[in-house]
Amino acid sequence: MIATVTGTLAARYGDRLVVQTDGGVGYEIAAPLGVLERLPALGGRLSLWTELVVREDGWALYGFDQPIEREIFQRLLGASGFGPKLALALLSALGPERTVRSIQTRDFTTLSSVSGIGKKKAERLALELADRFADLALPTSTPRPPSSDEAVRALLALGYHPAAADDAVRGALAAGAPEESSVLIRRALQLLATARGGR
């Protein structure tokens, strides 16, 4: 099994990248959005924790910059009818912490907001895996008020990407926004508009 890959970032396209090792081997690796956003510039050094998935139609290598995210990916593959593409889509859209929280709390609305995961698949995922993440040491975060999930759902309804919506709500709370959902949504929208304007 290929557990880690270390080298230089040789290429990046879509959800895939190529890591050129010092031994001259280039590994094509699929990675979730969060990992792709943290990649160095082309030619930069990086090291990824990897998971090799062998299927009848071919082999594929998936990479993560945190071992906890690889562990979550592995456990997601344990759900029936849940392959690596859906696991990657879930981690890309929600990130590791929110993925686990959504499964544990059976937040079907958030889970089914991910492309390719309908309500039935979200229910099955939560049913099978809700108790399988209890031993994971996820990064601790400040408890969020119930209105935060309502605010995220409102942003999703407006067409924002789940990860961007979640980050905006977190940012609004960190900046001292009141816990009232309507105010939280307004502050989060301001942060999203500012971020878009700064690009």
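Phenylalanine 82 counts as buried at 5% relative accessibility; buried means under 20% relative accessible area, exposed over 50% and partly exposed in between, with a 1.4 Å probe and protein chains only. The model is predicted, so local features need pLDDT of at least 70 and side-chain atom pairs count only at pLDDT 80 or more, while totals for chains, interfaces and linings use all residues. Residues are numbered from 1 along each chain as its sequence is written, and side-chain values use heavy atoms, with hydrogens and water left out.

**Around phenylalanine 82**

Phenylalanine 82 sits in the loop between α2 and α3. Helices (H or I, at least four residues) and strands (E, at least two) are DSSP runs, numbered from the N terminus. Leaving aside residues up to four places away in sequence, phenylalanine 82 touches Leu76, Leu77, Ala87, Leu90, Ile117, Lys121 and Leu125; contact means heavy atoms within 4.5 Å. Arginine 124 is 42 residues from phenylalanine 82 along the chain, and their C-alpha atoms are separated by 9.7 Å.

Helix α2 covers residues 67–76, and seven of its 10 residues are buried, so the helix is largely enclosed by the rest of the structure. The buried residues of α2 are Ile68, Glu69, Arg70, Ile72, Phe73, Arg75 and Leu76. Their cover includes α1 (33–37), β4 (45–55), β5 (58–64), α3 (84–104) and α5 (119–129).

The structure holds two aromatic pairs. Rings of Phe, Tyr and Trp (its six-membered ring) pair if their centres lie within 6.5 Å; planes under 30 degrees apart count as stacked, over 60 as edge-to-face and the rest as tilted.

| Pair | Centre to centre | Angle between planes | Class |
|---|---|---|---|
| Tyrosine 62 and phenylalanine 73 | 5.1 Å | 35° | tilted |
| Phenylalanine 64 and phenylalanine 73 | 5.0 Å | 45° | tilted |

Tyrosine 62 lies in strand β5 and phenylalanine 73 in helix α2, so their pair ties together parts that are 11 residues apart in sequence. Ring pairs link Tyr62, Phe64 and Phe73 into a cluster. Tyrosine 62 is buried at 5% relative accessibility. Phenylalanine 73 has a relative accessible area of 0% and is buried, and phenylalanine 64 is buried, also at 0%.

**Serine 102**

Helix α3 contains serine 102. This serine 102 is buried, with a relative accessible area of 3%. Not counting residues up to four places away in sequence, serine 102 touches Leu94, Asp107, Thr110 and Leu111.

**The whole chain**

Eight helices and five strands make up the listed elements of the chain, in the order β-β-β-α-β-β-α-α-α-α-α-α-α along the sequence. With 199 residues, a compact globule would have a radius of gyration near 16 Å, and the 18 Å of the chain agrees with this. That radius is taken over C-alpha atoms, and the globule rule is 2.2 Å times the number of residues to the power 0.38. Along its principal axes, the C-alpha trace spans about 55 × 40 × 30 Å.

Of the 199 residues, 41% count as buried. Among contacts between residues at least 6 apart in sequence, 55% join residues at least 24 apart. The chain exposes about 10400 Å², and carbon and sulfur atoms supply 52% of that area, computed by the Shrake-Rupley method with a 1.4 Å probe.
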